[in-house]
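Here are my notes on this one, as numbered points. Have the model open while you read.

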Amino acid sequence: MLVSFAFKPCCLSALLLVAATITPTHAANVCDPAYQAGIKSIQTPHHVYSVTTTEGKAQSGEAIYSGGVEYLQLNGQWKRSPMSQQDMLEPAREKLKAHPDVCTVMGDQGKDGQATTLYKVHNTEPSVDQQVWIAKSTGLMVHVTATFGAGNATDVRYDYGNVQ
């Protein structure tokens, strides 16, 4: 028995729209929340406190992002970064499109007084392993640790309160 189906144009359009949204190119990637948190953090005024350890020597740093401008504290002096907000957003948006990293959701935990979800992110070019804590309430980065090479690491804490 042969059964034929006739679709009205409106129904066919709806069916095609549904099919397009479930194709693999539109599937969410486990790294997406980490990439989106990075983009959102760049767009949100915040203060960053960091400690970078290279070859056993630790160096503290600070940065403030406000009004689309980044200010860096270098050797005790505050200086405006030559990078624009757009310069910082472009690579973050490219990562969201290309998904070059391997990510693992490690679960929910408290970090820096906030409820967060922890992601492990591995990038092969260059070889860097990160732990990224994202606030459950805002979707913003709370804390990031990165290890690269033997004995080299960076620890970064984000503060979004009272940034001027």
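1. Terms first: helices (H or I, at least four residues) and strands (E, at least two) are DSSP runs, numbered from the N terminus. Two strands count as paired if DSSP finds at least two bridges between them. The model is predicted, so local features need pLDDT of at least 70 and side-chain atom pairs 80 or more, while totals for chains, interfaces and linings use all residues. Residues are numbered from 1 along each chain as its sequence is written, and side-chain values use heavy atoms, with hydrogens and water left out.

2. β6 (residues 114-124) and β7 (residues 127-135) make a hairpin with two residues between them. Their pairing is antiparallel, over nine bridges, and K120 has Q131 in β7 as its bridge partner.

3. β7 also pairs with β8 (residues 141-147), again antiparallel, through six bridges. D129 sits opposite T147 in β8. This hairpin has five residues between its strands, and G139 in the turn has a positive phi of about 80 degrees.

4. Now the largest pocket, at about 1000 Å³. Of its 37 lining residues, I42, Y65, Q130, M141 and Y158 are the closest to the centre. (On a 1 Å grid over the protein atoms alone, a pocket is an open set of points where a 1.4 Å probe fits, with protein on both sides within 12 Å along at least five of seven lines; lining residues have an atom within 4 Å of a point. Points are joined across faces, edges and corners, and the volume is the space filled by probe spheres set on them.)

5. Which helix gives the most to that lining? Helix α2 (residues 32-43), with six residues.
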